[in-house]
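I opened the model this morning and jotted down what I looked up.

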Amino acid sequence: MPGKQVDLNPVIANILRYGVTISTILIVAGILLTALEDASGSSALTLSQVIRTDYGRPTLDLNVLISGVIHLDGVYVVQLGLLVLLATPVIRVAASILLFLAENDWKYVVITFVVLGILLFSIFIVGPYEAHNGAAGVVQTLRIVNHPE
Amino acid sequence: MITVTDYLISMFFISVAAGLIGSLVGIGGGILVVPILTLVYHVPIPFAIGASIVSVIATSSGSASAYVRDRITNLRVGMFLELATTTGAVIGAVVTLFLFKSGLQWIIFTAFGAVLMFSAYDLLKRKVADTFTNKVPDKISRTLSLTGSYYDSALKTELQYAATRVPAGMSVMFCAGMISGLLGIGSGALKVLGMDTMMKLPFKVSTTTSNFMIGVTAAASTGIFYIGGYVNPILAAPVAVGVVIGSLFGTRVLIRTRPKSLRLLFFVVLLILGLEMIQRGVSIAPLSFLIDFLRVVAT
């Protein structure tokens, strides 16, 4: 049975709010930077070129991401924003473990651990598997079918 | 020739409109994103799903924070059911990528069309909230503390409730998670059905807890789509920001008004997009080769 009641609502509400706010700011900044780069002419791309070349495909290399953000490359700023967005529910679940611990609700500590495990499994096991067994070849043919240019 | 700037601007405004109308009629605007990206901008469907599912996390997390603060959302019910929704979402995402890689994307298009048609039907024939709320906890809901109470502002009383038929509810949640991962939508209506109709939780608790769960469910499949390389930042950016702004605007400005004409408009949009998606699915299905073949044989 749950022990003493700790109010976990405000903490979780704040994680969600800050996560979405920060990611939205980053994505908007990234869009503006991309639009500026686009306007300057050097990187004027069409949508079908983006799709065909998979331009801006999320990097899995943290160093590349960080240096891209430091150099104010729009695509990397958007990527960081998307990562923050993806991390928000994961952090929320992780925080719930601590909060259920504080309430001595062991059943829910275990349940929440399992949910966190499923999320991490998808990010660190299934995701890399799909990246490795990518549909690059299939996408290539699809692009040519959908975007004859 | 659509340039990146054209896309960013046009898709941003389309996403704002989708989020706004979606929140006004009570269906997530995310359901419009995949049809628009695939049919209008010719984005390959897994990339459209990748862009859409990101906006689902943002919308859910953005609006859920308000209800969590109001203490209507039941965090335990949500966390427990997330066991089922996240498992379903992982399977759904893997299945959709498998179908795509196997050249069976017509199945994804057709399934999406069917869900759009069902949503259109649901919008018109929306059932009234199930008024029966279970108050007596059974064995499972007692063991798992799937009980609670909330202050109902309309009745001005504290309402007690307890979940019942938990296994049936879990099964519906698993399906909702799978559809979410498969098609890149929130599938909130199905989650509400699981809690409200199956588990006899109050409608208000069901809708807010469903919204709360959508973000974590979407995160399970987004992990796969993002790391797998299907969330293109340029494609996803205007969608993520646009749908959130639209839906926040919708809930803040015109809270709980569901004008009939707007619902009718949304019904027509869902119906047209549903038919288009099914048409696209059928047109690329091997079925058409078969029909062509038969036609040649016949003549």
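**Notes on chain B**

I began with burial: buried residues make up 58% of the 299 residues in chain B (buried means 20 or more other C-beta atoms, placed from the backbone, within 10 Å of the residue's own). A reminder to myself: this is a predicted model, where local features need pLDDT of at least 70, side-chain atom pairs count only at pLDDT 80 or more, and totals for chains, interfaces and linings use all residues. Residues are numbered from 1 along each chain as its sequence is written, while chains are lettered from A and ligands numbered from 1 in the order in which they are written.

Next I looked up the elements, and chain B has 12 helices and two strands (DSSP runs numbered from the N terminus, H or I of at least four residues for helices and E of at least two for strands). From the N terminus, I read their order as α-α-α-α-α-α-β-β-α-α-α-α-α-α.

**Helices 7 and 8 of chain B**

How do these two axes cross? I found that the axes of helix 7 (residues 166-183) and helix 8 (residues 188-198) of chain B come within 8 Å and cross at roughly 175° (axes are lines fitted to C-alpha atoms over the stretch in contact, with angles from 0 to 180 degrees between N-to-C directions). The two helices of chain B are therefore roughly antiparallel, the word for angles over 145 degrees.

**Where chain B meets chain A**

I noted 57 residues of chain B in contact with 64 residues of chain A (contact means C-beta atoms, placed from the backbone, within 7 Å). Helix 4 of chain B gives the most to its side, with 13 residues.

Conventions
Contact = placed C-beta atoms within 7 Å. Parallel < 35°, antiparallel > 145°, perpendicular 65-115°, else oblique. Buried ≥ 20, exposed ≤ 12 C-beta atoms within 10 Å, placed from the backbone.
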